[in-house]
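Me: I have a structure to go through. Please keep the answers brisk.
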Amino acid sequence: MNLRTIETAGGDGAAPMPAPAHTRESTARDSAVSARGLTKRYGGITAVDGIDLDVTAGETFGFLGPNGAGKSTTIGMLCTLVQPTAGSASVAGFDAQTQRDEVRRNIGLVFQDSTLDGYLSAAQNLRFHAELYGLPRAVVPERMERVLSMVGLWERRDSLVNTFSGGMRRRLEIARGLMHLPRVLFLDEPTIGLDPQTRASIWGYLAELQRDEDITIFLTTHYMDEAEYCDRIAIIDHGRIIALDTPDALKASVGHDRVQIQTADDAAAITALRERFDVEAGIAEGAVTFGVPEGERFVPRLFAELGIPIRSVRVSRPSLDDVFMSYTGKTIRDAEGGDGDHMRQFARQMARR
Amino acid sequence: MATGIRALRRTAPEQAPSRLVQDLRAVRVVWTRELIRFANDRMRIVTSLIQPVLYLFVLGTGLSSLTGVTSSGSVSLRTFMFPGVLGLSVQFTAMFSAASIVWDREFGFLREMLVAPVSRTAIVLGKCLGGASVAAFQGAILIVLAGANGVPYNPALILELIGMLMVLAFAMTAFGVMMAARVRTIQSFMGLSQLVLMPMFFLSGALYPLANLPAWLVVLTRINPLTYAVDPLRRAVFAHVDAGPLAARFGGGVTWFGWTVPVWIEVAVVLSMGLAMLGVAIAQFRRAD
């Protein structure tokens with residue numbers, strides 16, 4: 001990797017040298033984040049249940065799941081904020097339990113709740129961060145300009161953060177998280193509570209970061225459409241990873257397309273589908289909905305053989321919603337409606353301590 | 001943006017400063033933040049001066065007629081109350097400075113500090129020093145009112161008062177931070193601090209002399225740490241005024257079983273209480289995940 005060769009060259013001259021056993025490189029070659037059997041229990045509640053994962057350096061890795069699935073708790077453990085009940089994790093090659101300071105020095109964090117001081121200006125917030133992370137004073141002005149320009153806030157550097165909109169705050173937090181040049185940037189629901197336009201611009205910055213910088217991005221989201229931007233995603237439900245792959249592979253694994261038809265008699269259509277095509281259908285979004293492999297080829301047969309007038313038909317490729325559904329048997333919105341909410345509240349409260 | 005952080009990494013190879021250096025920088029920046037926020041908050045500076053002025057000029061003047069001791073030489077009841085009100089002001093300001101930890105927790109900023117690669121000791125220490133500076137500064141401003149209360153502007157006296165106020169400010173902030181370690185909302189912190197501050201104030205001898213009290217009140221005033229902060233202030237003031245016969249009654253001096261406790265022991269009591277509470281506060285923040 002680019003950065004690594006530079007570092008070695010800078011440190012030891014151009015001669016290729018075997019990496020000393022104690023360095024970061026030798027402990028985890030290309031794994032920016034790795035977890036083995038990571039578990040967190042709060043009393044009787046298991047928030048995270050034996051998670052294994054490996055995130056490659058330079059990757060954008062998404063953690064997708066309903067609220068309360070254990071996403072924030074997992075991030076908390078990876079970021080050394082939450083002590084795991086069992087299992088181990090390493091970030092940027094450092095152990096999250098025994099080398100906390102090294103991990104912290106090498107990660108940037110953007111939480112779902114703002115952690116800015118609204119009574120300080122944007123620049124003061126960044127300067128505070130630079131001091132806490134022990135940056136050499138000489139590099140601070142240049143770096144501040146770089147990160148603030150990157151998120152388009154350089155002109156507003158002297159404004160109090162209290163005067164910023166939600167999107168500006170989130171951008172400022174991303175900028176702040178980059179001040180100390182982290183190897184891994186963790187973002188917990190980076191676009192939650194933002195309007196669609198701001199969400200898109202945040203994703204723009206993240207894509208830019210990933211393209212141009214040696215940085216691994218690890219983020220959580222419960223927006224299906226956003227998970228599409230990730231190189232790989234892990235779907236998490238009830239504290240377990242139930243699927244982990246690229247978005248395309250996950251969608252392919254569903255194996256069928258979604259077909260929605262509107263008919264003169266929906267109940268009869270469902271019965272007919274079962275009897276003539278051996279397909280289980282249900283009503284979703286006001287239409288008879290079912291999944292079949294190769295949806296386009298199925299539609300002509302449907303018209304020929306269903307025997308009930310069809311008013312409209314829609315065939316769609318599986319979305320991540322369908323992926324979630326096929327692994328958990330429910331939509332992500334259903335999963336959030338139930339016990340998720342107070343679980344999430346609870347997990348957040350614990351994480352705040 | 002090809003010239004972003006990748007380029008920065010190249011030009012500035014990061015080497016971690018030593019742990020101690022980094023912790024000291026953390027102490028300083030947390031401390032500085034408290035000062036910046038205080039300086040930005042003019043409203044707070046003004047409102048925190050109102051309460052002491054009320055005590056001195058309204059309560060003090062009003063009570064003077066009741067006691068019948070209006071004056072003796074330059075000394076009035078207000079002269080007696082002046083050190084007590086200095087203590088009161090510092091006590092409240094320090095406690096409310098400590099509330100900023102709860103505030104930071106509610107508004108998330110505490111996390112920014114807790115995830116940094118610095119020890120929590122440094123953060124708690126920075127908070128205490130910041131809160132203490134603000135509180136001592138408030139107390140020092142009140143010394144301006146000395147003349148109106150029959151207390152001379154003697155440089156030695158002023159230095160003595162400021163020194164004592166600094167010790168008190170530190171101890172009270174440490175106390176507040178210790179409380180703040182476990183409190184989650186600003187409302188419950190305010191409630192809790194009122195519950196603690198008022199009894200401490202009333203039992204400190206800020207408003208009445210500690211001599212000739214009933215036995216139960218003697219015990220309560222003697223175990224109140226604030227007593228040992230107010231008394232040196234009063235002794236310092238009375239050493240610089242001509243109180244005549246009133247000096248014996250009002251001049252201060254805490255006794256333990258008839259033995260007058262020297263000022264240095266009083267200061268040591270306050271200071272060690274402060275350090276002990278700082279220790280507890282640090283331990284609590286280190287334990288919290």
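Me: How many helices and strands does chain A have?
Reply: This is a predicted model. In chain A, the count is 14 helices and 14 strands.

Me: What percentage of the residues in chain A are buried?
Reply: Chain A holds 353 residues. A residue is buried if 20 or more other C-beta atoms lie within 10 Å of its own. In chain A, the buried share is 44%.

Me: Among contacts in chain A between residues at least 6 apart in sequence, what percentage join residues at least 24 apart?
Reply: Take contacts in chain A between residues at least 6 apart in sequence. The share that joins residues at least 24 apart is 71%.

Me: What separates the centres of domain 1 and domain 2 of chain A?
Reply: Domain 1 of chain A covers 30-245, and domain 2 covers 256-317. Their centres are taken over C-alpha atoms. The separation is 43 Å.

Me: Which residues of helix α3 of chain A are buried?
Reply: Helix α3(A) spans residues 71-78 and is mostly covered. Eight of its eight residues are buried. They are Lys71(A), Ser72(A), Thr73(A), Thr74(A), Ile75(A), Gly76(A), Met77(A) and Leu78(A).

Me: Which residue with a positive phi follows α3(A)?
Reply: The phi in question is near 70°.

Me: Is Val103(A) buried or exposed?
Reply: Val103(A) sits in helix α4 (residues 100-105) of chain A. It has 25 other C-beta atoms within 10 Å. The cut-off for a buried residue is 20 or more. Val103(A) is therefore buried.

Me: How far apart in space are Val103(A) and Cys79(A), C-alpha to C-alpha?
Reply: In sequence, Val103(A) and Cys79(A) are 24 residues apart. In space, C-alpha to C-alpha, they are 7.2 Å apart.

Me: Are α7(A) and α8(A) roughly parallel or roughly antiparallel to each other?
Reply: Helix α7(A) covers residues 166-178 and helix α8(A) covers residues 196-212. Their axes come within 10 Å and cross at roughly 15°. Angles under 35 degrees count as roughly parallel. So α7(A) and α8(A) are roughly parallel.

Me: Is the crossing of α7(A) and α8(A) left-handed or right-handed?
Reply: On the α7(A) side, Gly167(A), Arg170(A), Arg171(A) and Ile174(A) make the contact; α8(A) brings Thr198(A), Ser201(A), Ile202(A) and Tyr205(A). These residues divide into three nonpolar, three polar and two charged. The crossing of α7(A) and α8(A) is right-handed.

Me: How is α5(A) oriented to α2(B), roughly parallel or roughly antiparallel?
Reply: The axes of α5(A) (residues 122-132) and α2(B) (residues 19-40) come within 8 Å and cross at roughly 155°. Angles over 145 degrees count as roughly antiparallel. So α5(A) and α2(B) are roughly antiparallel.

Me: Which residues of α2(B) meet α5(A)?
Reply: From α5(A) come Gln124(A), Phe128(A), Glu131(A) and Leu132(A). By class, the contact of α5(A) with α2(B) has five nonpolar, one polar and three charged residues. The α2(B) residues are Arg25(B), Ala26(B), Val29(B), Arg33(B) and Ile36(B).

Me: What is the orientation of α7(B) and α8(B) to each other?
Reply: Helix α7(B) (residues 155-180) and helix α8(B) (residues 186-202) pack at an angle of about 135°, with their axes 11 Å apart. Their crossing is right-handed. The two helices are therefore oblique.

Key. Residues numbered from 1 in each chain as written. Chains lettered and ligands numbered in written order. Predicted model: local features only at pLDDT ≥ 70, side-chain atom pairs only at ≥ 80, totals over all residues. Axes fitted to C-alpha atoms, helices over the stretch in contact; angles between N-to-C directions. Helix = DSSP H or I, 4+ residues; strand = E, 2+ residues; numbered from the N terminus. Parallel < 35°, antiparallel > 145°, perpendicular 65-115°, else oblique. Left-handed = near helix turned anticlockwise from the far one by under 90°. Contact = placed C-beta atoms within 7 Å. Nonpolar A, V, L, I, M, F, W, Y, C, P; charged D, E, K, R; others polar. Buried ≥ 20, exposed ≤ 12 C-beta atoms within 10 Å, placed from the backbone. Domains from an automatic or database assignment.
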